[in-house]
Amino acid sequence: MKKIEENFCGYIRVEDDTYTYNVSDNIVTLLPAQSDVQKRYDSLYHIESKNTKTSEYLLGEDGNTMIAILRKGKFFTNPIGTGVAIRFATPIIIKASGNAQEFFNMLTEDWCKFHAITFCGGNINALYTPDIAIEQPNISELLKYNGARTIKMRPWSDYTRTTEFQIDNEKVALTVSVGQTAETNNTENRGAYDLGKMYTFFQFSFENAQEFEKIEKYYIIAKKIVAILTFQNNVCFEEVYLSQRYSEQKYFKTGTCKIFDPYENYSIRQWHKVIPIFSVFDCIPNLVNGIINGKADSLLELLPEDNKMVNRISINNVQDLCTALEVSYHLDDKRKREKDVLIEELKKNIKNTIAEFAKKHEEIDVNKETTMSSAFRYLDYTLKQKILTLYNENSDVVNAIVSKYSLPSINENSIASFVKLRNNKTHSGIVEWKESADIYVPLLAIVYASFLKYIELPNEVIKSTLLQIF
């Protein structure tokens, strides 16, 4: 797989000025390319006074290859030698996949547009192991050839699936399949043929060409899908690349992306400790919609961002879990539990009572002179009661996890102790764990189960799936 180097240089344009640039990791350093001293100072003045509130892709070249670098933050000036350098941090770099005339002749849109973005390998491999594309030999064949095996790929249609949904009113097709790196004869190994690596990929293809500005959005969606299914936030892709469509359902690679993230390490979860992609594949449109509308945010907040935090619980995790449980209770906006209806009825009756009182006692304005108007605005069931309700709705899977790890049973008292743990930390700063931490995992399973119900995954699949990852 082709990757962009960590260090390279070339020329780049910022509005009407040309700069030499150097990229070191995600830091871009610019120097005015003009030989005239006054013009160099003019260039520095232009870039320092530039409005940086709006992000932009800066276009340039690396040798003979086109390059695009995303600037989202401010420009910073630093003295360098007798002059001044401009620096900024970039989250995304894109490098063209070709530079010959034949490459540009194949483009059906400007190079700064794409019809598909593909995320290859990395933690995606655990969701759908690439060896699924290899036809397994029967035992008699292995015995016949003394353990040697025929290398035969299954038909593409056997291991490829596609689903469709919309993002910002744009029709999107997600294809999940297995690819192979293209390798050739290796002269260093005396002509041995390298078959390359097999990898699983997600490809988002679009009805209409997309601008580079959309890359970050699609990357975040793909990353969150993998994070939810692998139970960790620190996920990665081995390669991300862009393609343009030159005929119906035929694409060619136009650019390689380098996308920076804040993680010190990446998840090493294997296939047996994740949610397989095809277990939820029919619900992918709902999953994507849940990610876009923020319904998955509280769940994602609970997932580790560092391998050192796996299987560890902090008081911040407890606080985040309580928030996620609160969100889970109200996850489905269309759903109304019987008790929720009663709460609405209680609010209505209180409002009517206040109105009647106000009519009889004009000497006091209850809305302006008291806290009455806000006192009942957030009237709701307690968090303990909400968690107990969620447990009753998901008791089958939660009890299975409790039994699996011999954990304390979930009941009104254990839930109350857990909520008290959060409240004590918030109000007094005191943390007394006792047995409260032991029900963290079952409560986390409730959050997962609630979200999987929200995306309409069948109950029987939810149970088997969560028993696999917990």
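A salt bridge here is a side-chain nitrogen of Lys or Arg within 4 Å of a carboxyl oxygen of Asp or Glu. In this predicted model, Glu 5, Asp 62 and Lys 95 are linked in a network of such bridges. Searching the whole structure turns up 17 salt bridges. Here's a quick tour of some of them, plus the nonpolar cores.

**Salt bridges**

- Lys 95 pairs up with Glu 5, and their closest N and O atoms are 3.5 Å apart. Lys 95 sits in strand 8 (residues 92–96) and Glu 5 in the segment before strand 1 (7–14), so this pair ties together parts 90 residues apart in sequence.
- Lys 95 counts as buried because its relative accessibility is 11%, while Glu 5, at 39%, counts as partly exposed.
- Glu 216 and Lys 72 also join side chains in a salt bridge, at 3.1 Å from N to O. Glu 216 belongs to helix 5 (residues 215–230) and Lys 72 to the loop between strand 5 (65–71) and strand 6 (76–80), 144 residues apart.
- Then there's Lys 308 with Glu 264, a salt bridge at 3.7 Å, N to O. Lys 308 is partly exposed, with a relative accessible area of 47%, and Glu 264 is exposed, at 67%.

**Nonpolar cores**

- The largest nonpolar core has 101 residues, and Tyr 448 is one of those with the most contacts inside it. Helix 15 (residues 440–454) gives this core its largest share, 11 residues.
- Tyr 448 touches residues including Ala 227, Phe 231, Leu 303 and Phe 470.
- Another core, of 19 residues, lies apart from the largest one, and among its members are Phe 8, Val 23, Ile 69 and Ile 86.

Notes:
Residues are numbered from 1 along each chain as its sequence is written. This is a predicted model: local features need pLDDT of at least 70, side-chain atom pairs count only at pLDDT 80 or more; totals for chains, interfaces and linings use all residues. Side-chain values use heavy atoms; hydrogens and water are left out. A nonpolar core is a set of buried Ala, Val, Leu, Ile, Met, Phe, Trp, Tyr and Cys residues joined through side-chain atoms within 4.5 Å. Buried means under 20% relative accessible area, exposed over 50%, partly exposed in between (1.4 Å probe, protein chains only). Helices (H or I, at least four residues) and strands (E, at least two) are DSSP runs, numbered from the N terminus. Contact means heavy atoms within 4.5 Å. Lists of a residue's contacts leave out its neighbours within four places in sequence.
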